[in-house]
Amino acid sequence: MIAHLQGRLVEKNPTDVVIDCGGVGYQVNISLHTFALIPNSENIKLYTHLQIKEDAHTLYGFVEKSEREIFRMLISVSGIGAGIARTMLSSIEPKQIINAIASGDVGVIQSIKGIGNKTAQRVILDLKEKVVKLYDIDEVFAVQNNRNRDEALSALEVLGFVRKASEKVVERIVKEDPEATVETIIKKALKSL
């Protein structure tokens, strides 16, 4: 198993990087989250996960160990392969995935391209207990946080705002202030919309 790679960054793309380690160039698949965190320095270190199949040995790289752990949890779910797990980590922040799983928010997981209702439910069913224990999340807080977000979105929709645009603004507000009340979320959203 290759636990990490440390070397010279030769190539950087939104989906992969090439790292030169002692004269050998390793192509490493990355998420958009990792892409955004890769420093613009010449030398980098990525934590890796090596996937071995009959026809390929594929490396996946992460700037943060926590993202690698989430990736490994996701691929342990039946129906979630490395490609879908990488898409999930590219679509929404790893913390949002953890919160969605802990609070049982099928909608957030299902909003990711390629994830249907059944797969989203399976992810939550398989990982909820593990996530709550591992990240020491208060389930009541996670559910309340989710409820505040949903109520704020409904209120904004009633006020005539498009749900898609409202979701992005509300997600950003909840990310910045996880303990925000419904009223606070709505007030901040009205200033941004």
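How much space lies in the largest cavity? About 40 Å³. This is a predicted model, in which local features need pLDDT of at least 70 and side-chain atom pairs count only at pLDDT 80 or more, while totals for chains, interfaces and linings use all residues. Residues are numbered from 1 along each chain as its sequence is written, and side-chain values use heavy atoms, leaving out hydrogens and water.

Let's start with that cavity, a set of points on a 1 Å grid over the protein atoms alone where a 1.4 Å probe fits but cannot get out. The count comes to one cavity of 30 Å³ or more. Its lining residues, which have an atom within 4 Å of a point, are Asn 29, Ile 30, Ser 31, Tyr 60, Gly 61, Phe 62, Phe 71, Arg 86 and Leu 89. Two elements, β5 (57-62) and α3 (82-91), each give two or more residues to this lining, and β5 provides the largest share, three residues. The lining splits by class as follows, with Tyr counted as nonpolar and Gly as polar:

| Class | Lining of the largest cavity |
|---|---|
| Nonpolar | five residues |
| Polar | three residues |

Now over to Ser 166, which lies in helix α8 (residues 163-176); helices here are DSSP runs of H or I with at least four residues. Ser 166 counts as buried because its relative accessibility is 1%, where buried means under 20% relative accessible area with a 1.4 Å probe, protein chains only. A polar atom of the Ser 166 side chain lies 2.9 Å from the backbone oxygen of Val 162. Leaving aside residues up to four places away in sequence, Ser 166 touches Leu 153, Leu 156, Phe 161 and Leu 193, with contact meaning heavy atoms within 4.5 Å.

Terms used:
Buried < 20%, exposed > 50% of the residue type's maximum accessible area, 1.4 Å probe, protein only. Polar contact = N/O pair within 3.5 Å; in protein donor to acceptor, adjacent residues only side chain to side chain. 1 Å grid on protein atoms, 1.4 Å probe; cavity = no way out; pocket = protein on both sides within 12 Å on 5 of 7 lines; lining within 4 Å. Points joined across faces, edges and corners; volume = space filled by probe spheres on them.
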